[in-house]
Amino acid sequence: MFDRAGRALAVTYIDISGPCAETDFTVVDGAQRGLGLGAAVKATSVLALMNVGVEIFRTGGSADNAASLATNRSVGYIVDEQWVTLERSA
């Protein structure tokens, strides 16, 4: 998503392999966060890819980033795995 001057406001980057798409990242310009632009570009990418035969969509999201996880849920993603970080105790 770009503004009238051509500056990127929101971008989603996706790897596609056959019928599968993996969203590597979605970023939104700091001054534009909270306006739904991340959800808009992510949802638009899903719709566009469905129209060309992609059937499986995956994305990630840090448990520390509630906005990202909420965006994923709003687009229709379901959490099916979680990462665990282990640290050596002192």
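Tyrosine 13 counts as partly exposed, because its relative accessibility is 43%. Remember while reading that this is a predicted model. Phenylalanine 25 counts as partly exposed too, because its relative accessibility is 41%. These two residues belong together in another way: the structure holds one aromatic pair, and tyrosine 13 and phenylalanine 25 form it. Their rings are stacked, with 5.6 Å from centre to centre and 10° between the planes. The pair links distant parts of the chain, since tyrosine 13 sits in strand E1 (residues 10-17) and phenylalanine 25 in strand E2 (residues 20-28), twelve residues apart.

**The overall plan**

Let us step back and look at the whole protein. How many helices and strands are there in the protein? There are two helices and three strands, and along the sequence they follow the pattern β-β-α-β-α. The protein has 90 residues, and buried residues make up 19% of them. Now take the contacts between residues at least 6 apart in sequence: 43% of these join residues at least 24 apart.

**The sheet and its helix**

The three strands form an open sheet in the order E1-E2-E3, with mixed pairing. Strands E1 and E3 (56-59) are the edge strands, and each of them pairs on one side only. From one strand to the next, the twist averages 25°. In general, strands of a sheet pair through backbone hydrogen bonds, either parallel or antiparallel.

In which sense do E1 and E2 pair? They run in the antiparallel sense and share eight bridges. You can pick out individual partners: isoleucine 14 has threonine 23 in E2 as its bridge partner, and aspartate 15 has glutamate 22 in E2. The hairpin of E1 and E2 has two residues between the strands, and glycine 18 takes a positive phi near 60° there.

Helix H1 (residues 37-50) packs on the sheet and touches E1, E2 and E3. The direction of helix H1 makes about 30° with that of E1.

**Inside the core**

Which residues make up the largest nonpolar core? This core has five residues: Leu9, Ala10, Val28, Leu37 and Val41. Leaving aside neighbours within four places in sequence, valine 28 is in contact with Leu9, Ala10, Arg33, Leu37 and Gly38. Valine 41 is found in helix H1. With residues up to four places away in sequence not counted, valine 41 touches Met1, Ala10, Val11, Thr12 and Thr26. Valine 41 also gives a sense of distance: aspartate 64 is 23 residues away from valine 41 in sequence and 21 Å away in space, C-alpha to C-alpha.

| Residue | Relative accessible area | Class |
|---|---|---|
| Valine 41 | 11% | buried |
| Threonine 23 | 6% | buried |
| Aspartate 80 | 58% | exposed |

Why does threonine 23 count as buried? The relative accessible area of threonine 23 is 6%, and buried means under 20%, so threonine 23 falls in that class. Aspartate 80 counts as exposed because its value of 58% is over the 50% cut-off.

Threonine 23 has its place in strand E2. Not counting residues up to four places away in sequence, threonine 23 touches Thr12, Tyr13, Ile14, Lys42, Arg58, Thr59, Gly60 and Tyr77. Among them are Lys42 and Tyr77, and these two also meet in another arrangement: lysine 42 lies over the face of tyrosine 77, at 5.6 Å from the ring centre.

Where does aspartate 80 lie? Aspartate 80 is in the segment after helix H2 (66-75). Although aspartate 80 and arginine 58 are 22 residues apart along the chain, their C-alpha atoms are separated by 9.7 Å.

Key
Residues numbered from 1 in each chain as written. Predicted model: local features only at pLDDT ≥ 70, side-chain atom pairs only at ≥ 80, totals over all residues. Heavy atoms only, no water. Phe/Tyr/Trp six-rings, centres within 6.5 Å; stacked < 30°, edge-to-face > 60°. Helix = DSSP H or I, 4+ residues; strand = E, 2+ residues; numbered from the N terminus. Buried < 20%, exposed > 50% of the residue type's maximum accessible area, 1.4 Å probe, protein only. Lys NZ or Arg CZ within 6 Å of the ring centre and 35° of its normal. Pairing = 2+ DSSP bridges. Axes fitted to C-alpha atoms, helices over the stretch in contact; angles between N-to-C directions. Contact = heavy atoms within 4.5 Å. Core = buried A, V, L, I, M, F, W, Y, C linked by side-chain atoms within 4.5 Å.
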